[in-house]
Amino acid sequence: MGSRISARIGAISESATLAVDAKAKALKAAGRPVIGFGAGEPDFPTPDYIVEAAVEAARDPKNHRYSPAGGLPELKQAIAVKTKRDSGYEIEAAQVLVTNGGKHAVYNAFATLLDPGDEVLLPAPYWTTYPETIRLAGGVPVEVLADESQNYSVTVEQLEAARTSRTKALLICSPSNPTGAVDSPETLEAIGRWALEHDLWVITDEIYEHLTYGDARSTSIPVVVPELADKTVVLNGVAKTYAMTGWRVGWMIAPVDVIKAATNLQSHQTSNVCNVAQRAALAAVSGDLSAVEEMKKAFDRRRRTMVRMLNDMPGVECPEPTGAFYAYPSVKGVLGREIAGRTPTTSSELADLILDEVEVAVVPGEAFGAPGYLRLSYALGDDDLAEGLSRIAKLLG
Ligand SMILES: Cc1ncc(COP(=O)(O)O)c(C=O)c1O
């Protein structure tokens with residue numbers, strides 16, 4: 001008799017980010033004054049004009065029926081226009097698949113491209129969902145570590161050292177979850193030229209494209225290496241830019257044959273994304289970027305406070321993150337020290353200690369393939385942010 005759970009699904013590990021969140025929420029529900037730095041979502045409501053478009057859509061019977069599995073034609077067209085406006089990448093509507101959030105686009109991209117044994121170069125620290133979805137598709141994630149000494153930005157030399165005859169694709173996430181790093185145009189051009197030379201696919205997750213600070217700007221790799229367009233998949237969505245994490249609309253942009261295949265997959269998997277959510281996304285991507293500009297001001301202020309307070313803590317080292325809404329400090333200088341009667345030797349033990357002792361939730365680097373670090377989101381209110389960091393500072397004293 002086989003086991004009850006398939007080997008494929010049984011091998012998926014629990015999301016460490018969700019586990020931290022669940023523990024913090026349970027403590028909160030029990031009345032504890034927990035401050036959470038775990039959240040991967042803006043703390044702002046979705047802008048009114050987007051909500052209004054959804055309310056109107058819910059009242060229109062045409063949205064009560066099935067629609068094309070690959071997305072509403074007008075949304076696909078609007079995504080093509082928005083992509084040209086925002087990143088400069090010129091595409092047609094036929095190159096877009098609308099998915100149930102960016103996460104679903106990640107899954108569909110790997111499922112569509114990978115055969116068993118195909119290797120995917122995965123710069124670490126990485127977003128925890130990538131290796132799981134690569135493995136689910138039969139692929140093999142090959143981690144390439146880029147640490148704080150290189151500002152969490154991978155180099156061509158490192159990628160080349162990890163390339164084998166089975167390498168099929170490379171994942172790029174800039175601005176990055178979990179590190180907040182933004183790769184420079186020069187770095188991405190060099191990586192793109194190298195990928196082109198070795199006939200690799202590039203999967204570029206651009207979901208944080210609008211969240212950059214200071215002089216940093218997002219770069220879309222097929223814009224700096226146009227010849228790569230035939231081997232590029234862009235992943236994106238409305239979640240982070242428009243504070244729409246709960247609406248579940250993302251998309252994947254790829255050559256037409258890939259989109260056709262991925263749409264076939266989706267037609268048996270989920271059919272169309274909720275029409276009301278798609279209409280809300282249409283209002284979002286067709287509108288201007290003033291709402292994200294406002295959010296960015298708050299994120300930037302919190303980012304500066306967080307980086308300053310982290311770097312003031314003994315043993316903590318935080319390179320300045322210039323994108324997304326995460327800081328990713330190294331805590332290697334703290335490990336092995338006695339703190340509140342315990343001696344944490346891993347970032348996971350340190351995160352547990354911080355939660356137990358001062359009721360602050362942070363995600364340990366183990367979740368992102370790079371132990372020795374913590375990820376802190378600054379998408380929370382200024383007062384909570386300062387209070388939470390003060391508690392950690394006092395604990396690490
Ligand atoms: C790098 C990255 N890509 C994609 C997503 C997916 O976002 P969603 O599925 O909410 O659209 C996230 C969400 O945390 C992310 O951090």
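Tutor: Let us begin with Ala169, which stands opposite Trp201 of strand 6, and keep in mind throughout that this is a predicted model. The two strands concerned, strand 5 and strand 6 (residues 201-205), run parallel and are joined by 5 bridges. They belong to an open sheet of 7 strands with mixed pairing, and if you follow the sheet across, the order of its strands is 2-8-7-6-5-3-4. At its edges are strand 2 (96-99) and strand 4 (140-145), each of which pairs on one side only. Neighbouring strands in this sheet are turned against each other by 20° on average, when direction is ignored.

The model has 3 cavities of 30 Å³ or more, and the volume of the largest cavity is about 180 Å³. It is lined by 18 residues, and those closest to its centre are Pro123, Pro125, Tyr152, Cys173 and Ser176. Strand 3 (119-124) and strand 5 (167-173) each contribute at least two residues to this lining, and strand 5 gives the largest share, with 3 residues. Sorted by class, the lining of the largest cavity holds 12 nonpolar residues, 5 polar ones and 1 charged one.

What does the lining of the second largest cavity look like by class? Its residues divide into 11 nonpolar, no polar and no charged, and among them are Leu310, Met313, Pro329, Ile354 and Leu396. This second cavity contains about 50 Å³ of space, and helix 13 (347-358), strand 12 (374-377) and helix 14 (382-396) each supply at least two of its lining residues.

The model has 11 aromatic pairs, one of which joins Phe44 and Phe299 with 5.8 Å from centre to centre and 70° between the planes, an edge-to-face arrangement. This pair links distant parts of the chain, 255 residues apart, since Phe44 is in the loop between strand 1 (35-36) and helix 3 (48-59) while Phe299 is in helix 12 (residues 290-311). Phe44 has a relative accessibility of 27% and therefore counts as partly exposed, as this value falls between the limits of 20% and 50%. Phe299, by contrast, has a relative accessible area of 0% and so is buried.

Phe299 has a further partner in Phe325: the ring centres are 5.3 Å apart and the planes meet at 55°, so this pair is tilted. The label follows because only angles over 60 degrees count as edge-to-face and those under 30 as stacked. Phe325 lies in the loop between helix 12 and strand 9 (326-327), and the pair therefore ties together parts that are 26 residues apart in sequence. Phe325 is buried too, with a relative accessible area of 0%. Taken together, ring pairs link Phe44, Tyr208, Phe299, Phe325 and Tyr326 into a cluster.

One last residue shows how a cut-off decides a label. Ala69 is located in the loop between helix 3 and helix 4, and its relative accessibility is 18%, so it counts as buried because the value is under 20%. Along the chain, Ala69 and Gln269 are 200 residues apart, yet their C-alpha atoms are separated by 9.5 Å.

How values were computed
Residues numbered from 1 in each chain as written. Predicted model: local features only at pLDDT ≥ 70, side-chain atom pairs only at ≥ 80, totals over all residues. Heavy atoms only, no water. Phe/Tyr/Trp six-rings, centres within 6.5 Å; stacked < 30°, edge-to-face > 60°. Helix = DSSP H or I, 4+ residues; strand = E, 2+ residues; numbered from the N terminus. Buried < 20%, exposed > 50% of the residue type's maximum accessible area, 1.4 Å probe, protein only. 1 Å grid on protein atoms, 1.4 Å probe; cavity = no way out; pocket = protein on both sides within 12 Å on 5 of 7 lines; lining within 4 Å. Points joined across faces, edges and corners; volume = space filled by probe spheres on them. Nonpolar A, V, L, I, M, F, W, Y, C, P; charged D, E, K, R; others polar. Pairing = 2+ DSSP bridges. Axes fitted to C-alpha atoms, helices over the stretch in contact; angles between N-to-C directions.
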